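This briefing is meant to be read with the model in view. Please keep the sequence at hand while following the points below.

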Amino acid sequence: MQRNVILLFVVIVLSGSIPLSAYAEEANQRDPILQEAMHQEKEKNYSAAIDTVTKSIVQGRLADTAEAHLFLGAVYYKTKHYDNALAEFTKSVSIDKRD
């Protein structure tokens with residue numbers, strides 16, 4: 001069931017019906033690292049966007065938030081790394097449930 005919800009969310013967000021920025025806007029306003037990654041994604045520099053977020057989480061410079069994993073999932077989906085996208089969307093849902 002949870003997997004179906006995640007997949008439905010992926011289809012809706014990444015079909016272009018709902019812009020990714022609508023979901024990450026709050027985090028974007030708070031966190032300059034996520035803002036930088038979103039700019040890289042907008043410029044279609046997907047590998048840089050992924051690196052910016054993942055390295056920043058590992059280094060502790062970016063909070064391990066649902067928004068960060070949602071963003072990563074969307075970028076992985078755009079680059080056709082579907083397994084990674086699903087993993088990131090699942091992390092996003094797990095983190096969101098804790099909060």
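Lys 80 counts as exposed, because its relative accessible area of 63% is over the 50% cut-off. Lys 80 is located in the loop that joins helix 5 to helix 6 (82-98). The model discussed here is predicted. The protein chain contains six helices and zero strands, and its pattern along the sequence reads α-α-α-α-α-α.

**The chain as a whole**

- The protein chain has 99 residues, of which 40% count as buried.
- When contacts between residues at least 6 apart in sequence are considered, 47% of them join residues at least 24 apart.

- The phi angle of Lys 80 is near 65°, which is a positive value in a residue other than glycine.
- Lys 44 also has a phi near 65°, again a positive value in a residue other than glycine.
- Where does Lys 44 lie? Lys 44 belongs to the loop between helix 3 and helix 4 (46-58).
- Lys 44 has a relative accessible area of 61% and is therefore exposed.

**Helix 3 against helix 5**

- A pair of packed helices is described by two values, the angle between the axes and the distance between them.
- Helix 3 covers residues 32-42 and helix 5 covers residues 66-78; their axes come within 12 Å and cross at roughly 15°.
- Helix 3 is therefore roughly parallel to helix 5, because angles under 35 degrees are placed in that class.
- The crossing of these two helices, helix 3 and helix 5, is left-handed.
- On the side of helix 3, the residues that meet helix 5 are Leu 34, Ala 37, Met 38 and Glu 41; their partners in helix 5 are Phe 71, Val 75 and Lys 78.
- The residues of this contact between helix 3 and helix 5 comprise five nonpolar, no polar and two charged.

**Helix 4 against helix 5**

- Helix 4 packs with helix 5 at an angle of about 150°, and the two axes are 10 Å apart.
- Helix 4 is therefore roughly antiparallel to helix 5, because angles over 145 degrees are given that description.
- The crossing of helix 4 and helix 5 is left-handed.
- Helix 4 contributes Tyr 46, Ala 49, Ile 50, Val 53, Thr 54 and Ile 57 to this contact, and these meet Ala 68, His 69, Phe 71, Leu 72, Val 75, Tyr 76 and Lys 78 in helix 5.
- How many of the residues in the contact of helix 4 with helix 5 are nonpolar, polar and charged? The division is 10 nonpolar, two polar and one charged.
- Phe 71, Val 75 and Lys 78 of helix 5 are listed in the contact with helix 3, and these residues of helix 5 are also listed in the contact with helix 4.

**An aromatic pair**

- A pair of aromatic rings is described by the distance of the ring centres together with the angle of the planes.
- The count of aromatic pairs comes to one.
- The pair is formed by Tyr 77 and Tyr 82 and is edge-to-face, with 5.3 Å from centre to centre and 65° between the planes.
- Tyr 77 has 29% relative accessibility and so counts as partly exposed.
- Tyr 82 is likewise partly exposed, because its relative accessible area is 43%.

- Ser 56 is placed in helix 4, and at 0% relative accessibility Ser 56 counts as buried.
- Apart from residues up to four places away in sequence, Ser 56 touches Ile 33, Asp 51, Arg 61 and Leu 62.
- Ser 56 and Leu 34 are 22 residues apart along the chain, and their C-alpha atoms are separated by 9.2 Å.
- Ala 66 is part of helix 5, and Ala 66 counts as buried because its relative accessibility is 11%, a value under the 20% cut-off.
- A distance of 6.7 Å separates the C-alpha atoms of Ala 66 and Val 93, which are 27 residues apart along the chain.
- Ser 92 is in contact with Ala 66, His 69 and Leu 70, once neighbours within four places in sequence are left aside.
- From C-alpha to C-alpha, Ser 92 and His 69 are 5.1 Å apart in space, while they are 23 residues apart in sequence.

Note on methods. Residues are numbered from 1 along each chain as its sequence is written. This is a predicted model: local features need pLDDT of at least 70, side-chain atom pairs count only at pLDDT 80 or more; totals for chains, interfaces and linings use all residues. Side-chain values use heavy atoms; hydrogens and water are left out. Axes are lines fitted to C-alpha atoms, for helices over the stretch in contact, and angles run from 0 to 180 degrees between N-to-C directions. Helices (H or I, at least four residues) and strands (E, at least two) are DSSP runs, numbered from the N terminus. Angles under 35 degrees count as roughly parallel, over 145 as roughly antiparallel, 65 to 115 as roughly perpendicular and the rest as oblique. A crossing is left-handed if the near helix is turned anticlockwise from the far one by less than a right angle, and right-handed if clockwise. Contact means heavy atoms within 4.5 Å. Ala, Val, Leu, Ile, Met, Phe, Trp, Tyr, Cys and Pro count as nonpolar, Asp, Glu, Lys and Arg as charged, and the others, Gly among them, as polar. Rings of Phe, Tyr and Trp (its six-membered ring) pair if their centres lie within 6.5 Å; planes under 30 degrees apart count as stacked, over 60 as edge-to-face and the rest as tilted. Buried means under 20% relative accessible area, exposed over 50%, partly exposed in between (1.4 Å probe, protein chains only).
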